[in-house]
Amino acid sequence: MCAAENLQRENLSVIETIETIVDLVDSELYGDEVYDSMGESAIYRLKNLLARLDSIRRSKNRGSSISEESSDLSHKFMGQVENIFKNLPKSLKWRSFYENDLQILLDTSDEVLTAAIDHNLNRSQVKALEGLRRASHDEFKRITGTGQGKSGAEILGLSANEIKDITEKAVRKMQLEQPEITGPGALSKDVAVFSLNRLGYSGKKISSLLGVNRKTVMAYIQKEKTANRVKKAIKAGKTVSQAAMENNSPPAPAWSIALEDKDDMERFRLLGWGLRTWDYWFYNDVDKRFGDDWPGRIPAQMIAHMLYYFTGSSG
């Protein structure tokens, strides 16, 4: 009841509206054993259910066969979900919500969500602001007034395109300031070895490229001084770009550290990659010879076919 009443408030921001719909729909579905098993939080339960239903709908529209499990899921939830969204205080198509709204919550950092609520930003502004935060945390803090005792008045007067312009300028500035790995007086030997090692070069190759004794190269690699400084900066809350710049390092090796020990979902979120196979690819009829079934699995027979037709191998 409280969520439904909140949804009728005229001053509700875009983000608050989406969050309220998630809570309202989740409260209607929660308690069903199948639905409850789809995630530990409301947003992931709803996301996983809608993704499955959307995949089943697409398969049916293409005339593809679907598994008995998927058919049961569709019969159990499709009509119920459509009715819930239809009977919201402001009627909404569930597919539109899944494709256009829910993803905003999943792909946006807490910092940007807070700024979006505080300044009542629209969807385009939220997406643009998240892009700025990822590119330059300093510029993000400047225009939102984060942590500076300011009201963040500048963001109020900026359109999504203007935020994107600020992002592009910040990226160009970093590119101009970013040193090359090899070049006249570019990087210290320690940072150069760190960068090339993180990019996959062998100790022998690094020694040849930099003209440094191989034992010296291996000593740099084992001590990991630059790697530890980058890790410390990221752990302290610095963005990857900031951590790289502070240590005079190119961004790619710094990213390799930031993504260590992360699962695929977290890596995609940190990199800002919108399309994720486990969100969009739900195959309902897979070849059972290729292992266990799970939502989002890419059928192994696709890989087998690619190997067969494009590598010249029939093994």
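1. Contact here means heavy atoms within 4.5 Å. On that basis, among contacts in the chain between residues at least 6 apart in sequence, 52% join residues at least 24 apart.

2. A word on what you're looking at: this is a predicted model, where local features need pLDDT of at least 70 and side-chain atom pairs count only at pLDDT 80 or more, while totals for chains, interfaces and linings use all residues. Residues are numbered from 1 along each chain as its sequence is written, and side-chain values use heavy atoms, with hydrogens and water left out.

3. The overall picture: the chain has 20 helices and zero strands (DSSP runs numbered from the N terminus, H or I of at least four residues for helices, E of at least two for strands). Of its 315 residues, 41% count as buried (buried is under 20% relative accessible area, exposed over 50%, partly exposed in between, with a 1.4 Å probe and protein chains only). The accessible surface comes to about 18200 Å², and 49% of that belongs to carbon and sulfur atoms (Shrake-Rupley method, 1.4 Å probe; for residues, only the protein chains shown count as cover).

4. Now the rings. A search of the whole structure turns up one aromatic pair. Phe85 and Phe97 make this pair, tilted, with 5.5 Å centre to centre and 50 degrees between the planes. The pair links distant parts of the chain, as Phe85 belongs to helix 5 (residues 68-86) and Phe97, 12 residues apart from it, to helix 6 (residues 94-107). Both Phe85 and Phe97 are buried. For the cut-offs, rings of Phe, Tyr and Trp (its six-membered ring) pair if their centres lie within 6.5 Å; planes under 30 degrees apart are stacked, over 60 edge-to-face, and the rest tilted.

5. Two charges sit over rings (NZ of Lys or CZ of Arg within 6 Å of the ring centre and within 35 degrees of the ring normal). Lys76 is over the face of Phe77, 5.7 Å from the ring centre. Arg95 does likewise with Trp94, at 5.8 Å.

6. Take a look at Ser13, in the loop between helix 1 (2-7) and helix 2 (14-29). Ser13 counts as buried because its relative accessibility is 2%. Setting aside neighbours within four places in sequence, Ser13 touches Ala116, Ile117 and Asn120.

7. Finally, Leu307 sits in helix 20 (residues 300-311). Its relative accessibility is 49%, so Leu307 counts as partly exposed.
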